[in-house]
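Subject: Structure handover

Hello,

The structure we talked about is below, with the sequence. My notes on it follow.

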Amino acid sequence: MNKKLSELLRYGVLTSGLLMLLGWLSTLDFNKKSLPSLSEYQTSASLVTILTQAIEQSQWGLLLSYAGLALLVALPVFRVFVTIPFFIKQNEKILAFAAAFVFVILIVNFAISLDF
Amino acid sequence: MFDFLLLFTSVIAGVLGAILGLGGGIILVPALTLLLHVNIRYAVAASLISVVATSSGAASTYLKDNFTNVRIATLLEVGTVTGAIAGFLLAQKINSTELYFLFGCMLFLSAVLMLKNRKTPLPGDEHAWAKNLKLSGANYNVAGVPWALGVMFVAGVLSALLGIGSGILKVLAMDGAMKLPIKVSTATSNFMIGVTAAASAGAYLLSGDVRPELAVPISIGTLAGSRIGARLMLKMEAALIRKIFMIVLTLVSFQMMLKGLALHE
């Protein structure tokens with residue numbers, strides 16, 4: 001299992017890094033000296049709203065960056081998911097339950113965050 | 001220009017993190033807030049993304065070397081992920097001044113813990129849970145499982161609140177309570193950090209607090225920096241750098257605490 005998980009993480013990080021790099025390079029602004037919008041916290045629009053606007057305005061660089069970010073965050077979640085059948089096959093009920101619990105909690109956490 | 005400044009800062013954070021065995025977050029958040037004047041909430045959210053990136057990258061190497069105990073990680077992640085939810089919810093109630101102060105305290109704790117030389121603990125008695133779940137390795141027993149689970153919950157809360165991997169707490173629990181060999185606790189902690197950070201990073205991403213213009217160059221920079229740092233570590237006198245950095249960390253911790261107090265007035 002360790003080898004498969006290692007490959008999953010390695011190729012996942014490489015792919016997400018590549019997506020983020022492409023997105024970043026396509027939105028790069030050499031004249032920007034600071035990011036004033038980042039010094040004051042403003043209540044953010046949800047990711048769904050941001051993505052909808054980006055699609056409407058054809059901001060492909062931004063969309064690529066978000067795809068990289070989403071893939072990166074999904075990697076450990078997917079890693080937890082693949083350990084569930086592994087522990088079930090090994091007849092390790094408690095560890096399979098622990099992995100399933102972690103996976104469900106992660107999904108619930110993401111669902112809760114949509115309300116903020 | 002600002003993008004390259006971000007990239008440069010995060011490469012340095014990645015290099016230092018790898019040399020000192022700290023996550024990039026504990027270096028990145030003060031650098032972003034104190035040097036580049038980024039709001040601490042955006043800094044925390046972006047830092048969590050970079051923590052997922054560096055942890056997943058390092059975990060793939062440790063897994064290949066068979067140092068990671070996936071069974072221990074699976075059990076302890078119950079504590080860290082539950083803590084991460086609590087931390088994310090708490091972060092919505094807490095203000096920037098309190099975040100600065102808390103971060104300062106965590107930095108100070110990290111500096112104090114860096115003073116301690118890690119030694120392989122004496123083997124402990126195998127805990128009943130460890131026996132039932134076959135957590136022990138070929139040449140080590142696993143002790144103190146409930147204690148470690150409790151510390152993992154705290155580590156999860158702090159990770160979500162402060163944008164760090166809380167590796168220093170995880171390693172402390174695995175060395176101190178579970179009596180794991182150093183290499184096993186380092187590798188297993190790294191493996192778990194990705195899940196802990198992803199719990200809150202995903203929540204920040206979905207709520208729109210992860211700003212790609214900040215998070216993307218930082219993640220690329222820390223990933224590159226941690227690879228450079230891992231190679232440099234083999235050629236450098238890490239003990240001396242640790243001592244110098246411990247002093248820097250202490251000074252920055254006071255600066256963060258003062259900033260928290262100053263904003264409060």
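Helices here are DSSP runs of H or I with at least four residues, numbered from the N terminus. Please keep in mind that this is a predicted model.

The interface

Counted by contacts, 61 residues of chain B touch 55 residues of chain A.

Salt bridges

Over all chains, the search of the whole structure gives four salt bridges. Three salt bridges are counted between chain B and chain A.

One pair is E77(B) with R79(A), whose closest N and O atoms are 2.7 Å apart. This pair crosses between chains: E77(B) sits in helix α4 (residues 70-91) of chain B, and R79(A) in helix α3 of chain A. Both E77(B) and R79(A) are buried.

Another pair is E92(A) with K134(B), at 3.3 Å from N to O. This pair also runs between chains, from the loop between α3 and α4 (93-113) of chain A, where E92(A) lies, to the loop between α6 (128-132) and α7 (145-162) of chain B, where K134(B) lies. E92(A) has a relative accessible area of 10% and is therefore buried. K134(B) counts as exposed because its relative accessibility is 51%. E92(A) and K134(B) also belong to a network of salt bridges that takes in R71(B).

Within chain B, the side chains of E213(B) and R211(B) form a salt bridge of 3.0 Å, N to O. E213(B) has a relative accessible area of 24%, so it is partly exposed. R211(B), at 18%, is buried, since the cut-off for buried is under 20%.

The cavity

How many cavities of 30 Å³ or more does a search of the whole structure find? The search finds one. The largest cavity has a volume of about 50 Å³.

From chain A, its lining includes L9(A), P76(A) and R79(A). From chain B, the lining includes S55(B), S56(B), A59(B), N190(B), F191(B), G194(B) and V195(B).

Which helix gives the most to the lining of the largest cavity? That is α9(B), with four residues. The elements that each supply at least two lining residues are α3 (60-89) of chain A and, in chain B, α3 and α9 (182-206). Sorted by class, the lining of the largest cavity has five nonpolar residues, four polar residues and one charged residue.

The second largest pocket

The second largest pocket has a volume of about 280 Å³. Its lining consists of 18 residues, and those nearest its centre are I27(B), P30(B), A31(B), L35(B) and V252(B). In chain B, α1 (2-20), α2 (25-35) and α11 (238-264) each supply at least two residues of this lining. By class, the lining of the second largest pocket has 16 nonpolar and two polar residues, and no charged residues.

A buried serine

Is S50(B) buried or exposed? S50(B) is buried, because its relative accessible area is 1% and buried means under 20%. S50(B) is placed in helix α3 (residues 40-64) of chain B. Apart from neighbours within four places in sequence, S50(B) is in contact with L28(B), I218(B), S219(B) and T222(B).

Backbone angles

Two residues with a positive phi are listed here.

- S58(A) is not a glycine, yet its phi is positive, at about 50°. S58(A) lies in the loop between α2 (47-56) and α3 of chain A and is partly exposed, with a relative accessible area of 40%.
- K179(B), also not a glycine, has a positive phi of about 60°. K179(B) lies in the loop between α8 (167-176) and α9 of chain B and is partly exposed, with a relative accessible area of 31%.

Regards

Note on methods: Residues are numbered from 1 along each chain as its sequence is written. Chains are lettered from A and ligands numbered from 1 in the order in which they are written. This is a predicted model: local features need pLDDT of at least 70, side-chain atom pairs count only at pLDDT 80 or more; totals for chains, interfaces and linings use all residues. Side-chain values use heavy atoms; hydrogens and water are left out. Buried means under 20% relative accessible area, exposed over 50%, partly exposed in between (1.4 Å probe, protein chains only). Contact means heavy atoms within 4.5 Å. On a 1 Å grid over the protein atoms alone, a cavity is a set of points where a 1.4 Å probe fits but cannot get out, and a pocket is an open set with protein on both sides within 12 Å along at least five of seven lines; lining residues have an atom within 4 Å of a point. Grid points are joined across faces, edges and corners, and a volume is the space filled by probe spheres set on the points. Ala, Val, Leu, Ile, Met, Phe, Trp, Tyr, Cys and Pro count as nonpolar, Asp, Glu, Lys and Arg as charged, and the others, Gly among them, as polar.
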